[in-house]
Amino acid sequence: MTDRAGTLLRRLALASIVVNITIVVTGGAVRLTGSGLGCPTWPRCAGNSFTPTGQLGLHSQIEFTNRLITYVVGAVALATLVVARRAQPARRDVRRLAWALFLGVPAQAVLGGITVLTALNPWIVMLHLMLSMALVAGATVLYGRLAEGDGPAVPRVVPRARGLAFAVAGVTAVVLYLGTVVTGSGPHAGDAKSPRTGLNTHTVSEWHAAAVFLLIALTLATVMALAVCDAAPAARRAAALLLAVQAGQAVIGWIQYATNVPEALVAAHMLGAGLLVVATTRLALATRERPTVAPNLTPDTQLGVAQQRIALPG
């Protein structure tokens, strides 16, 4: 695609990362302020009104503001899809990612509606958050892909380092999910009458902590494996950044557990979760490269040319 279209799409992908993390943080604010049922119906806010009424008070304004941000996310996703479809020459991978980000918006809206209609059922709330994290990861992949060529992927690191990087990604997903289970079992339900999971908060917190220890250990192993890969400075930087984000999240998580989960730290932890997804995805992307290859070459020839251009360390 042209440089102009590529630049515009990268900016839109970056915007998508930002707005999807923003809605995670504002969704957390809804829950932390007890405003989860500030608009007690969906898709309307209350009765026949799509907007808050004066009788509903501040909680409805907070919940409605979070709903409005969904439109911002949708607008960015729609713009990304339109530009990706019109860009020439076409890139199917970019279009698929743009479609995924766009379709994620109505999926989130429906999940949000089910969340409200089930009085903030914690298991539905967990899915709501995990889908947001998936969209953050998708936007990060799109941002990274737009800086690459359209040739086949070629590893830039030794196999064990790449395997560790993908193991880190898998365990990160487990850590995030267990974090939502902890949230769904503890305070800050979003409304005083909202149900909880019924699980013991201390027990699920220990599960979450064990997964975090495993994640940090795998990331340290990845950093050490990448230390011998002279051809992968980007991967080494990505691993170091991820380790720093994990350390920050671990500190915040430990303090909030020790101080009975104060609201401000929970909000910071949710922001950190979004940054954790970005950093983890960037590490996975940094372990390989897609060079630009002439489109008239066969796939096998493209792969051969790509492997000649990128020396894989032993």
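1. A crossing of two helices is left-handed if the near helix is turned anticlockwise from the far one by less than a right angle, and right-handed if clockwise. In this predicted model, α1 passes α4 in a left-handed crossing. The crossing of α1 with α8 is right-handed.

2. Geometry of α1 and α4. Two packed helices are described by the angle between their axes and the distance between the axes. For α1 and α4 (residues 122–145), the axes come within 8 Å. They cross at roughly 160°.

3. Residues between α1 and α4. On the α1 side, the contact includes Arg10, Ala13, Leu14, Ser16 and Ile17. Asn20, Ile21, Ile23 and Val24 of α1 also take part. They meet Leu129, Ser132, Met133, Leu135, Val136, Ala139, Thr140, Leu142 and Tyr143 in α4. By class, this contact has 13 nonpolar, 4 polar and 1 charged residues.

4. Geometry of α1 and α8. Helix α1 spans residues 3–32, and helix α8 spans residues 263–286. Their axes come within 9 Å and cross at roughly 155°. That makes α1 roughly antiparallel to α8.

5. Residues between α1 and α8. From α1 come Ile17, Ile21, Val24, Val25, Gly28, Arg31 and Leu32. From α8 come Glu263, Val266, Ala267, Met270, Leu271, Gly274, Leu275 and Val278. The contact divides into 11 nonpolar, 2 polar and 2 charged residues.

6. Serine 16. This residue lies in helix α1. Is serine 16 buried or exposed? Its relative accessibility is 5%, so serine 16 counts as buried. Leaving aside neighbours within four places in sequence, serine 16 is in contact with Val76, Leu101 and Ala139. Ala139 is among the α4 residues that meet α1.

7. Asparagine 66. This residue sits in helix α2 (residues 58–86). Asparagine 66 is buried, with a relative accessible area of 14%. Beyond neighbours within four places in sequence, asparagine 66 contacts Ile23, Thr26, Gly27 and Val30.

8. Cis peptide bonds. Most peptide bonds are trans, and most residues other than glycine have a negative phi. The bond joining tryptophan 42 and proline 43 is cis, with omega about 5°. Proline 43 lies in the loop between α1 and α2. The bond from glutamine 88 to proline 89 is also cis, with omega near -5°. Proline 89 is in the loop between α2 and α3 (92–117). Check both bonds on the model above.

9. Positive phi. Alanine 119 has phi near 60°, a positive value in a residue other than glycine. Leucine 120 has phi near 65°, again positive in a residue other than glycine. Where does alanine 119 lie? It is in the loop between α3 and α4, and leucine 120 is in the loop between α3 and α4 too. Alanine 119 counts as partly exposed at 30% relative accessibility. Leucine 120 is buried, with a relative accessible area of 7%.

Notes: Residues are numbered from 1 along each chain as its sequence is written. This is a predicted model: local features need pLDDT of at least 70, side-chain atom pairs count only at pLDDT 80 or more; totals for chains, interfaces and linings use all residues. Side-chain values use heavy atoms; hydrogens and water are left out. Axes are lines fitted to C-alpha atoms, for helices over the stretch in contact, and angles run from 0 to 180 degrees between N-to-C directions. Helices (H or I, at least four residues) and strands (E, at least two) are DSSP runs, numbered from the N terminus. Angles under 35 degrees count as roughly parallel, over 145 as roughly antiparallel, 65 to 115 as roughly perpendicular and the rest as oblique. Contact means heavy atoms within 4.5 Å. Ala, Val, Leu, Ile, Met, Phe, Trp, Tyr, Cys and Pro count as nonpolar, Asp, Glu, Lys and Arg as charged, and the others, Gly among them, as polar. Buried means under 20% relative accessible area, exposed over 50%, partly exposed in between (1.4 Å probe, protein chains only).
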